[in-house]
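Welcome, and please take a moment with the sequence and the model before reading on. The report below walks through the strands, the core and the aromatic side chains.

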Amino acid sequence: SKGLAAASATRFAFRHPKTAADSSTASIEWDAVAGTANYKVYRRIEGTSTWTFIATTSATSTTVAIPTAGSYMIRVNIVLLNGTEVEATKGVWVTR
């Protein structure tokens, strides 16, 4: 149900992100959420409110490019089976 999946998004569990040796990428993993079609990954620079779309995936992990020095919030939205995108209520910080 939409309610169950939306509620699950609020409990979305990230594992600790792993950055590459040069910090140019971060590997992100998260727990699967039942009732989802796929996940949409976004990134934003600390101090800004603009989210940059990174990828759509059905997997529970991805690698995100960290283009320049700074801190970035990574979030993963869920996409329900009916196509509705549910915004994540939290994310994970990575720093380059």
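Predicted model: local features only at pLDDT ≥ 70, side-chain atom pairs only at ≥ 80, totals over all residues.

Residues are numbered from 1 along each chain as its sequence is written, and side-chain values use heavy atoms, with hydrogens and water left out.

**Strands and sheets**

Strands here are DSSP runs of E with at least two residues, numbered from the N terminus, and two strands pair if DSSP finds at least two bridges between them. Let us begin with an open sheet of 3 strands, ordered β1-β2-β5 and paired antiparallel. Its edges are β1 (18–19) and β5 (61–65); each has a single partner strand, so one side of each lacks a neighbour in the sheet. Between β2 and β5 there are 5 bridges, and A26 stands opposite V64 in β5.

Strand β3 has partners of its own. With β6 it pairs in the antiparallel sense over 9 bridges, and I45 has Y72 in β6 as its bridge partner. With β4 (residues 52–57), β3 also pairs in the antiparallel sense, over 5 bridges; here R43 has T52 as its bridge partner. The strands β3 and β4 form a hairpin with 6 residues between them, and G47 in the turn has a positive phi of about 90°.

**The interior**

A nonpolar core is a set of buried Ala, Val, Leu, Ile, Met, Phe, Trp, Tyr and Cys residues joined through side-chain atoms within 4.5 Å. Buried means under 20% relative accessible area, exposed means over 50%, and partly exposed lies in between (1.4 Å probe, protein chains only). The largest such core has 16 residues, and I28, I66, I74 and V94 have the most contacts inside it. Two or more residues each come from β2 (25–29), β3 (36–45), β6 (71–80) and β8 (92–95), with β6 giving the largest share, 5 residues.

Strand β6 also holds S71, which is buried at a relative accessible area of 19%. The side chains of S71 and T95 are joined by a polar contact of 3.1 Å (a pair of N or O atoms within 3.5 Å; within protein, one must be able to donate a hydrogen and the other to accept it, and residues adjacent in sequence count only if both atoms are side-chain atoms).

**Rings and a charge**

Rings of Phe, Tyr and Trp (its six-membered ring) pair if their centres lie within 6.5 Å; planes under 30 degrees apart count as stacked, over 60 as edge-to-face and the rest as tilted.

| Pair | Type | Centre to centre | Angle between planes |
|---|---|---|---|
| W30 and Y39 | edge-to-face | 5.5 Å | 65° |
| Y42 and F53 | edge-to-face | 5.6 Å | 70° |

Both W30 and Y39 are buried. In the other pair, Y42 is buried at 13% relative accessibility, whereas F53 is partly exposed, with a relative accessible area of 42%. Because Y42 lies in β3 and F53 in β4, their pair ties together parts that are 11 residues apart in sequence.

Which rings does R75 lie over? The charged end of R75 sits over the ring of Y42, 5.3 Å from its centre, and R75 also lies over the face of W51, at 4.2 Å from the ring centre. A charge sits over a ring if NZ of Lys or CZ of Arg is within 6 Å of the ring centre and within 35 degrees of the ring normal.

Terms used:
Helix = DSSP H or I, 4+ residues; strand = E, 2+ residues; numbered from the N terminus.
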